[in-house]
Amino acid sequence: MKLGLNLSFAVKRWLEAERLAALVADDLDTRYVQFTWDLVDPWWPEAQRDALASAYAQAFARAGVTVESSFGGLASYSYNHILAPTPELRDLGRQHLVRAIDMTAAMEVPVAGMPFGSFSADDAVDPGKRREIYKTALDIYVGISRHAKARGLEMLMVEPVPLSTEFPSTAADALRLMHDLEGATDVPVRLNVDWGHAMFKPLFGDDATMEHWMTVCGEYIAAYHIQQTDGLYDRHWNFTHDGLISPADLSAFWNRHKLKDQTFFLEVVYAFEEPDATVLSDMQAAMALLRSA
Ligand SMILES: [Fe+2]
Ligand SMILES: [Fe+2]
């Protein structure tokens with residue numbers, strides 16, 4: 001399987017571009033990464049933001065590491081973006097992704113992605129409001145795709161999330177979004193499916209399996225987040241932790257579905273209070289387990 005790293009594990013710890021690139025290439029022996037916007041905030045002033053983001057991109061290139069995509073992290077996920085309750089908030093969500101695309105272009109990275117958006121508690125249980133806001137969001141997203149194309153990006157990605165107050169959450173929702181955008185956007189839009197989200201039992205029940213996701217929307221999946229989980233919460237544990245997924249399961253899935261380019265980005269979120277040395281040794285142990293599977 002083609003393994004990569006989402007850089008979430010490094011947030012607030014390994015900030016210096018050369019240091020992070022060397023840590024990925026040498027300590028973790030990894031050649032593919034997904035850059036997280038938790039390292040450089042798309043809302044930072046453009047000149048400083050793009051200089052910092054390009055410094056990361058150049059350091060990775062020098063270390064022989066390919067940055068395949070850039071992706072929203074925890075900070076970005078705190079906001080409702082284009083499914084927010086008001087036009088003002090939805091426009092800020094639009095600007096957020098547009099700015100992230102600009103930053104991604106400055107890095108010369110071809111793909112940017114994030115979850116689609118979140119409804120408010122009240123809108124989420126109002127089918128009429130959901131329909132109305134979703135329709136608006138589709139138009140916004142098509143406009144964003146024009147910007148992505150103009151900035152030289154080749155693809156946008158959407159990550160489904162395990163909450164019924166957000167969209168898409170189910171595999172059927174994800175497929176619907178792909179169909180609704182297909183042919184309307186200027187760059188292709190694909191899914192970045194997170195194993196821990198897809199296997200969330202409280203929401204998906206018997207459909208909380210990756211096989212279900214492959215059956216329903218597998219043709220649209222361009223990349224994966226892998227993480228260990230118990231299926232009860234979105235854990236983002238590492239594979240040194242016991243849970244529902246074994247490295248052998250990942251490898252078997254890769255082979256069974258004859259995947260080629262759909263990188264498995266390990267996306268681990270550590271407690272901020274976890275010591276840096278513990279995080280690094282845990283990452284090394286997990287990558288060794290994954291590589292030997
Ligand atoms: Fe994820
Ligand atoms: Fe998650």
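**Exercise 1. Strand β10 and its partner**

Find which residue of β10 is the bridge partner of Ile226.

*Solution.* This is a predicted model.
- Step 1. Start at Ile226; its bridge partner in β10 is Leu266.
- Step 2. Widen the view to the two strands. Strand β10 covers residues 264-266, and three bridges join β9 to β10. The two strands run parallel.
- Step 3. β9, helix α11 (residues 247-256) and β10 make a β-α-β unit, and the unit is right-handed.

**Exercise 2. The other side of β9, and its burial**

Work out which residue of β9 stands opposite Asp194, and decide whether strand β9 is largely enclosed or left open by the rest of the structure.

*Solution.* 
- Step 1. Asp194 faces His225 in β9.
- Step 2. Strand β8 spans residues 189-194 and pairs with β9 over four bridges. The sense is parallel.
- Step 3. Now count burial. A residue is buried if 20 or more other C-beta atoms lie within 10 Å of its own. In β9 (residues 221-226), six of the six residues are buried.
- Step 4. Conclude: β9 is therefore largely enclosed by the rest of the structure.

**Exercise 3. The barrel**

State how many strands close into the barrel, and in what order.

*Solution.* 
- Step 1. Eight strands close the barrel.
- Step 2. Their order is β1-β2-β3-β4-β6-β8-β9-β10, with parallel pairing. From one strand to the next, the twist averages 30°.
- Step 3. Check one link. Strand β4 (residues 111-114) is joined to strand β6 (residues 155-158) by four bridges, and the two run parallel.

**Exercise 4. Strand β2 between its partners**

Describe how β2 is joined to β1 and to β3, and explain why β2 counts as largely enclosed.

*Solution.* 
- Step 1. Strand β1 (residues 3-6) is joined to β2 by two bridges, and they run parallel. Leu5 stands opposite Val33 of β2.
- Step 2. Follow the chain between them. It leaves β1, passes through helix α1 (residues 17-27) and reaches β2 in a right-handed β-α-β crossover.
- Step 3. Turn to β3. Strand β3 (residues 66-71) pairs with β2 in the parallel sense over five bridges. Gln34 lies opposite Ser69 in β3.
- Step 4. Follow the chain again. From β2 it crosses through α2 to β3, and this β-α-β crossover is right-handed.
- Step 5. Count burial. Four of the five residues of β2 (residues 32-36) are buried, so the strand is largely enclosed by the rest of the structure.

**Exercise 5. Helix α2 against α4**

Classify the packing of α2 and α4 from its angle.

*Solution.* 
- Step 1. Helix α4 covers residues 87-106, and α2 packs on it at about 45°, with the axes 8 Å apart.
- Step 2. The angle makes α2 oblique to α4.
- Step 3. The crossing of the two helices is right-handed. Glu46, Arg49, Asp50, Ala53 and Ser54 of α2 make the contact with Asp102, Met103 and Ala106 of α4.

**Exercise 6. Ala59**

Decide whether Ala59 is buried or partly exposed, and list its contacts beyond four places in sequence.

*Solution.* 
- Step 1. Ala59 belongs to helix α2 (residues 46-62).
- Step 2. Ala59 has 19 C-beta neighbours inside 10 Å, so it counts as partly exposed.
- Step 3. Setting aside neighbours within four places, Ala59 is in contact with Ala17, Glu18 and Ala21.
- Step 4. Take Glu18: it is 41 residues from Ala59 along the chain, yet their C-alpha atoms are 5.4 Å apart.

Definitions and conventions: Residues numbered from 1 in each chain as written. Chains lettered and ligands numbered in written order. Predicted model: local features only at pLDDT ≥ 70, side-chain atom pairs only at ≥ 80, totals over all residues. Buried ≥ 20, exposed ≤ 12 C-beta atoms within 10 Å, placed from the backbone. Contact = placed C-beta atoms within 7 Å. Pairing = 2+ DSSP bridges. Right-handed = clockwise from strand over helix to strand, strands pointing away. Axes fitted to C-alpha atoms, helices over the stretch in contact; angles between N-to-C directions. Parallel < 35°, antiparallel > 145°, perpendicular 65-115°, else oblique. Left-handed = near helix turned anticlockwise from the far one by under 90°.
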